[in-house]
Amino acid sequence: MNIVYHEMSHASHYTKVGTGWYTQFVNAELAEIVSHPSGPLNPDGDGTTSNSPIIALGEGWAYHMGHFLANRTYGFSSDASIEQGISYDNNDLLMV
């Protein structure tokens with residue numbers, strides 16, 4: 001459900017920011033996909049390009065809401081996951 005909440009958060013974000021901002025966000029992620037066709041940097045990039053701020057905002061919101069809503073709905077132990085090499089469990093940050 002975390003992934004469903006994550007993707008639905010993108011949809012709700014789109015309704016708030018509009019087509020112009022969201023087109024820039026999607027284009028930024030597409031540029032990172034082209035730059036890094038495989039591996040852990042796809043589609044978020046390495047955080048050092050001109051695409052980084054808009055990707056950080058769009059994905060940060062979706063990751064936050066995905067974890068928050070899954071934990072709220074199913075309990076804090078339901079949403080253990082690994083995001084970009086960092087393990088999240090029970091709302092605690094545990095370095096891998």
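Author: Before we start on the residues, one term is needed: a residue is called buried when its relative accessible area is under 20%, exposed when that area is over 50%, and partly exposed in between. Please also keep in mind that what you see is a predicted model.

Reader: Thanks. With that in hand, is F25 buried or exposed?

Author: F25 has a relative accessible area of 2%, and because the limit for the term is under 20%, F25 counts as buried.

Reader: And how much of the chain counts as buried?

Author: The chain has 96 residues, and 32% of them count as buried. As for the surface, the chain exposes about 6,100 Å², with carbon and sulfur atoms supplying 62% of that area.

Reader: How do the axes of the helices α1 and α2 cross?

Author: Helix α1 covers residues 2-35 and helix α2 covers residues 52-74; their axes come within 8 Å of each other and cross at roughly 175 degrees. Since an angle over 145 degrees counts as roughly antiparallel, α1 is roughly antiparallel to α2.

Reader: What classes of residues make up the contact of α1 with α2?

Author: Sorted by class, that contact of α1 with α2 has 14 nonpolar residues, 11 polar ones and three charged ones.

Reader: Changing topic, I'd like to hear about the aromatic rings. How many aromatic pairs are there?

Author: Counting rings whose centres lie within 6.5 Å of each other, there are four aromatic pairs. One of them joins W21 and F25, whose ring centres are 5.6 Å apart and whose planes meet at 15 degrees, so that pair is stacked.

Reader: Where do W21 and F25 sit relative to each other in helix α1?

Author: W21 and F25 are four residues apart in helix α1, which means that about one helical turn separates them.

Reader: Now the loop between α1 and α2. Is G45, which lies there, buried or exposed?

Author: G45 does lie in that loop between α1 and α2, and at a relative accessibility of 11% G45 counts as buried. Leaving aside residues up to four places away in sequence, G45 touches E32 and H36, while the C-alpha atoms of G45 and E29, which are 16 residues apart along the chain, are separated by 7.8 Å.

Reader: And what does N51 touch?

Author: N51, which is also in the loop between α1 and α2, touches A28, A31 and E32, again not counting residues up to four places away in sequence. N51 is buried, with a relative accessible area of 19%.

Reader: Which residues does P43 touch, then?

Author: P43 has its place in the loop between α1 and α2 and touches E29, E32, I33 and I55, residues up to four places away in sequence not being counted. Between the C-alpha atoms of P43 and E29, 14 residues apart along the chain, the separation is 5.3 Å. P43 is partly exposed, with a relative accessible area of 24%.

Reader: Last one: how far apart in space are T49 and E32?

Author: T49 and E32 are 9.1 Å apart in space, C-alpha to C-alpha, and 17 residues apart in sequence. T49 lies in the loop between α1 and α2 and is partly exposed, with a relative accessible area of 32%.

Technical notes: Residues numbered from 1 in each chain as written. Predicted model: local features only at pLDDT ≥ 70, side-chain atom pairs only at ≥ 80, totals over all residues. Heavy atoms only, no water. Axes fitted to C-alpha atoms, helices over the stretch in contact; angles between N-to-C directions. Helix = DSSP H or I, 4+ residues; strand = E, 2+ residues; numbered from the N terminus. Parallel < 35°, antiparallel > 145°, perpendicular 65-115°, else oblique. Nonpolar A, V, L, I, M, F, W, Y, C, P; charged D, E, K, R; others polar. Buried < 20%, exposed > 50% of the residue type's maximum accessible area, 1.4 Å probe, protein only. Areas by Shrake-Rupley, 256 points an atom, 1.4 Å probe, with all protein chains shown as cover. Phe/Tyr/Trp six-rings, centres within 6.5 Å; stacked < 30°, edge-to-face > 60°. Contact = heavy atoms within 4.5 Å.
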